[in-house]
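Please keep the sequence and the three-dimensional view at hand while reading.

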Amino acid sequence: MILNRDLVIIGAGPSGLCAAKMAAESGQKVLLIDRNPQLGGQLIKQTHMFFGSEKQYAKTRGIDIAKKLIDDVKNYPDLIEIWDNATVLGLYPDKVLTVLLGETYRKVQAQAIIVATGASEKVLAFENNDLPGIYGAGAVQTLMNVYGVKPGEKIVMVGSGNIGLIVSYQLMQAGVKVLAVIEAAPVIGGYKVHASKLQRLGVDIITSCTIKKALGQDKVESIITTRLNEKWEEIPGTEQEYDVDAVCIAVGLSPLTNLLAMLGCELKYISELGGLVPVLTNDYETTIEGVYACGDASSIEEASSAMVEGYIAGLTASKKLGKVHPDYDDLILDFRKQLEVLRSGPFGEKIRKGLAKLEGVRVGC
Amino acid sequence: MLNQKGYPSPEQVKTKFPDVKILVKPKAIVECYEKIPCNPCSTSCPFKAITIGEDINNIPIVDFDKCTGCGICVYSCPGLAITVCEVLDDKIRFKIPYEFLPFPKQGEIWSAVNRKGEVIGEAYIEKVTLTPRQDKTQLVQVLVDKDLLYEFVTIRSKVYE
């Protein structure tokens with residue numbers, strides 16, 4: 001049996017939740033699907049205060065933003081149907097989804113789809129990188145902040161982007177000793193205020209340095225790092241050994257575009273946006289009519305931008321289905337302005353460059 | 001140093017402090033050196049003493065005439081980059097944000113720590129506040145030696161040494 005639904009949103013992280021809220025405000029019925037038992041995506045692991053402005057819940061902790069957004073969505077029980085513990089297995093032409101809902105296999109015919117699947121973590125190739133005790137930053141946050149389990153006692157963080165810096169701080173708060181944060185690039189990747197917080201705690205940050213190999217029998221027992229020259233080549237004789245029982249890898253994210261690819265949406269490789277990303281219109285519609293993408297699934301950015309993109313996609317997808325928000329024009333204008341501001345500083349340069357490249361692709365075709 | 005290590009140079013630190021004469025009253029020291037999209041310090045200030053403006057990437061500017069040193073910005077800054085500083089006759093009083101266990105308690109002596117994480121002296125815990133409004137970031141008021149004006153940034157429990 002095939003179930004008929006109007007607007008299906010895949011992923012209930014910051015972007016998907018915001019899309020659902022705007023759709024419901026527009027009077028649009030929504031099926032919101034998430035594979036996790038809890039809605040909120042990565043927000044439920046974020047114990048730090050967010051940046052941005054009040055419009056994106058700045059100075060509120062991520063975990064509390066999740067609560068707010070989930071409450072917003074639950075305010076519309078007649079319009080928003082929620083499937084949690086539900087994994088979308090496939091997206092097929094004519095907008096048919098196959099979903100594993102708990103233990104049941106379901107087929108859904110949608111009229112429009114918003115893909116807000118987020119991102120996956122990049123991995124790093126080094127000797128013995130499969131030893132137990134070597135984690136991605138997402139796993140460390142899940143263990144620590146969702147389940148209250150320490151991932152180790154002594155850890156080295158690989159990567160100094162905002163995720164690496166923030167998770168290092170959270171590890172220290174949890175009583176885990178962070179021996180060092182190492183960064184292959186010659187400069188720190190994330191916000192310096194996060195880096196300053198770590199230095200104050202006595203956590204050293206070492207740039208132009210990477211992990212060479214991990215050592216250990218049944219689990220990681222130590223690692224060897226090496227310094228890199230300006231050509232990113234190893235400098236012989238600069239190896240250093242750290243005794244650790246865990247290593248955290250935080251070297252970036254890639255958009256989760258598998259479902260979009262399966263459907264045949266056009267994707268382009270744009271390194272500034274995190275890898276393969278969907279070609280989108282200004283309304284966040286992909287090259288397939290009625291299929292939208294927003295948040296990290298469309299380009300890797302901060303959660304603040306993901307939320308705003310979700311709002312826009314929720315509005316535009318609903319409009320496509322004939323449900324126009326009473327304040328549509330004002331809201332769209334405001335959200336676009338918010339994105340512009342969030343991306344306007346030096347930290348937005350990469351994303352601006354990436355979006356310009358994507359714009360070029362769009363105009364070209 | 002900021003880009004490689006994450007701590008500012010002593011010269012950078014001094015640019016964020018007003019003249020010592022102004023510090024006879026408590027004033028916010030906003031150690032924001034980098035343009036990032038963020039403005040809670042400005043929007044949380046009840047006295048409109050911190051300006052960022054339309055472009056939230058701007059570096060905050062403190063109007064020391066308007067600043068009362070109340071400390072609201074200290075726990076509102078997501079980067080924990082603000083302290084309040086007051087120069088007394090023989091000591092310096094700081095209000096700092098603190099997010100670690102164990103909680104400091106009034107009357108205790110903790111280590112005074114600099115921006116590189118080094119112990120540089122002792123800090124007497126004068127007062128600790130944690131209201132619901134502070135959202136789990138404690139505001140700790142401490143007294144440190146006078147020569148630590150541009151050095152002191154946080155405290156560390158002696159348990160850890």
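Predicted model: local features only at pLDDT ≥ 70, side-chain atom pairs only at ≥ 80, totals over all residues.

How many bridges join strand 6 of chain B to strand 7 of chain B, and do these strands run parallel or antiparallel? Five bridges join them, and the two strands, residues 109–114 and residues 119–129, run antiparallel.

**Chain B as a whole**

- Chain B contains three helices and nine strands, which follow one another along the sequence as α-β-α-β-β-α-β-β-β-β-β-β.
- The radius of gyration of chain B is 15 Å, in agreement with the value near 15 Å of a compact globule of 161 residues.
- The C-alpha trace of chain B spans about 45 × 35 × 35 Å along its principal axes.
- Of the 161 residues in chain B, 40% count as buried.
- Among the contacts in chain B between residues at least 6 apart in sequence, 54% link residues at least 24 apart.

**Strand pairing and loops in chain B**

- In strand 9 of chain B, Arg156(B) is the bridge partner of Ser111(B).
- The peptide bond between Leu101(B) and Pro102(B) is cis, with omega about -5 degrees.
- Pro102(B) is placed in the loop between strand 5 (91–98) and strand 6 of chain B.
- Lys136(B), a residue other than glycine, has a positive phi near 75 degrees.
- Lys136(B) sits in the loop between strand 7 and strand 8 (138–145) of chain B, and it counts as exposed because it has 12 C-beta neighbours inside 10 Å.

**Where the chains meet**

- In the contact between the chains, 33 residues of chain A touch 33 residues of chain B.
- On the chain A side, the elements that give two or more residues are helix 5 (192–200) and helix 8 (328–342).
- Helix 5 of chain A gives the largest share of that side, nine residues.
- The residues on the chain A side divide into 16 nonpolar, eleven polar and six charged.

**Nonpolar cores**

- The largest nonpolar core has 115 residues, and those with the most contacts inside it include Val8(A), Ile9(A), Ile114(A) and Tyr292(A).
- Helix 7 of chain A (residues 303–320) gives the most to this core, with nine residues.
- Beyond its neighbours within four places in sequence, Ile114(A) is in contact with Ile9(A), Ala19(A), Tyr292(A), Cys294(A), Ala313(A) and Ala317(A).
- A second, separate core has 37 residues, among them Leu165(A), Val167(A), Ile205(A) and Val251(A).

**An open parallel sheet in chain A**

- Five strands of chain A form an open sheet with parallel pairing, in the order 8-15-9-10-11.
- Strand 8 (134–136) and strand 11 (204–206) of chain A each have a single partner strand, so one side of each is left without a neighbour in the sheet.
- On average, neighbouring strands of this sheet are turned by 25 degrees against each other, direction ignored.
- Three bridges link strand 8 of chain A to strand 15 of chain A (residues 246–249), and Tyr135(A) has Cys248(A), in strand 15, as its bridge partner.
- Helix 3 of chain A (residues 137–146) lies across strands 8 and 15 of chain A, at about 90 degrees to strand 8.
- Helix 4 of chain A (residues 162–173) lies across strand 9 (154–158), strand 10 (177–182) and strand 15 of chain A, at about 165 degrees to strand 10.

**Two residues of chain A**

- Ile33(A) belongs to strand 2 of chain A (residues 30–33) and is buried, because 27 other C-beta atoms lie within 10 Å.
- Leaving aside neighbours within four places in sequence, the contacts of Ile33(A) include Val8(A), Ile9(A), Trp83(A) and Val99(A).
- Asp94(A), a residue other than glycine, has a positive phi near 70 degrees.
- Asp94(A) is placed in the loop between strand 4 (86–92) and strand 5 (96–101) of chain A, and it counts as exposed, with 7 C-beta neighbours inside 10 Å.

Conventions: Residues numbered from 1 in each chain as written. Chains lettered and ligands numbered in written order. Core = buried A, V, L, I, M, F, W, Y, C linked by C-beta atoms within 7 Å. Buried ≥ 20, exposed ≤ 12 C-beta atoms within 10 Å, placed from the backbone. Helix = DSSP H or I, 4+ residues; strand = E, 2+ residues; numbered from the N terminus. Contact = placed C-beta atoms within 7 Å. Pairing = 2+ DSSP bridges. Axes fitted to C-alpha atoms, helices over the stretch in contact; angles between N-to-C directions. Rg over C-alpha atoms; globule rule 2.2 N^0.38 Å. Nonpolar A, V, L, I, M, F, W, Y, C, P; charged D, E, K, R; others polar.
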